[in-house]
Amino acid sequence: HKMAKSKYEYVKKFEMDDSVLPNTWLVVRIDGRSFHKFATLHEFKKPNDVQALSLMNRCAQACMEEFSDIVVAYGESDEYTFVLKKSTTLFTRRASKITTAIVSCFAASYVFYWPNFMIADDGRVRPLQYPPQFDGRVVCYPSLKNLRDYLCWRQADCHINNLYNTLFWTLVIKGCMTEAEAEARIRGTVSAEKNEMMFTEYGLNYNSEPAMFRKGSTLLRGEVDETITKTGPTSTTDPTPVERVITRKKKIVDIVHIDLIGDAFWQEHAALFPTD
């Protein structure tokens with residue numbers, strides 16, 4: 001039987017067209033679902049677990065390797081943002097398809113790459129207790145200024161949250177406070193006061209913390225020279241096998257921890273963000 005001719009085909013009319021606006025930057029942001037519980041059960045280090053953050057970065061790389069229309073990605077904590085170029089026609093720009101494809105790629109990669117990153121102090125893989133979940137959404141940004149402000153917003157969020165969490169866990173771990181006491185101590189303080197408290201009481205210079213914690217992770221496409229050895233005949237007339245070293249360009253996804261709020265990034269990578 002041919003489904004196209006079936007009397008049941010009318011049900012397709014109930015599908016809503018969720019194609020997003022043309023000629024806009026598509027931003028897909030994914031978030032870990034109930035990750036506070038997930039991180040606690042899996043004993044993530046506080047305030048930042050390098051292994052867990054590196055695993056998130058690897059998953060984002062996998063998404064960029066899979067979907068060539070992603071021009072840049074940015075991640076912090078349990079969230080990741082993927083920016084698709086304005087002209088993308090991926091899934092005819094259907095919001096549900098784009099979001100679910102990227103979320104499922106990310107979630108599957110999280111489980112797949114877990115054993116490569118989540119290593120306990122005794123050298124064994126930290127067991128994955130239950131499947132992680134992620135949700136996602138897609139938002140259209142019509143102008144480059146909107147897109148830039150969005151990424152600045154996420155990086156500012158990273159800074160604010162990390163400054164708070166670094167001080168909070170310093171008070172709990174080094175200051176032997178309860179979580180309630182630490183929260184009460186921090187309440188109402190501004191950034192400068194948090195920095196001062198960490199430095200004067202615990203000798204901790206926040207600006208010396210790893211850039212990945214303070215600035216998050218930005219993923220960009222790049223190229224590296226790859227050297228391979230091939231064996232083949234010496235010439236068309238001489239079949240004697242000979243080894244040749246060949247250098248070629250290999251596409252990669254770079255992970256960097258840089259400032260997105262100033263102008264430098266946007267000037268250096270202007271080619272990624274063409275304006276009409």
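Histidine 42 is buried in this predicted model, because its relative accessibility is 6%, and the cut-off for a buried residue is under 20%. A polar atom of the histidine 42 side chain is found 2.9 Å from the backbone oxygen of phenylalanine 38. Leaving aside residues up to four places away in sequence, the contacts of histidine 42 are Trp114, Arg126, Pro127, Leu128, Gln129 and Tyr130.

Attention now turns to the sheet. An open sheet is built from 6 strands, and its order reads E4-E1-E3-E2-E5-E6, with antiparallel pairing. At its edges are strand E4 (134–141) and strand E6 (241–256), each of which pairs on one side only. On average, and with direction ignored, neighbouring strands of this sheet are turned by 25 degrees against each other. Strands of a sheet pair through backbone hydrogen bonds, in either a parallel or an antiparallel manner.

One pairing can be followed in more detail. Strand E2 (residues 70–76) and strand E3 (residues 79–84) run antiparallel and are joined by 6 bridges. Valine 72 has valine 83, in E3, as its bridge partner.

Notes. Residues numbered from 1 in each chain as written. Predicted model: local features only at pLDDT ≥ 70, side-chain atom pairs only at ≥ 80, totals over all residues. Heavy atoms only, no water. Buried < 20%, exposed > 50% of the residue type's maximum accessible area, 1.4 Å probe, protein only. Polar contact = N/O pair within 3.5 Å; in protein donor to acceptor, adjacent residues only side chain to side chain. Contact = heavy atoms within 4.5 Å. Pairing = 2+ DSSP bridges. Helix = DSSP H or I, 4+ residues; strand = E, 2+ residues; numbered from the N terminus. Axes fitted to C-alpha atoms, helices over the stretch in contact; angles between N-to-C directions.
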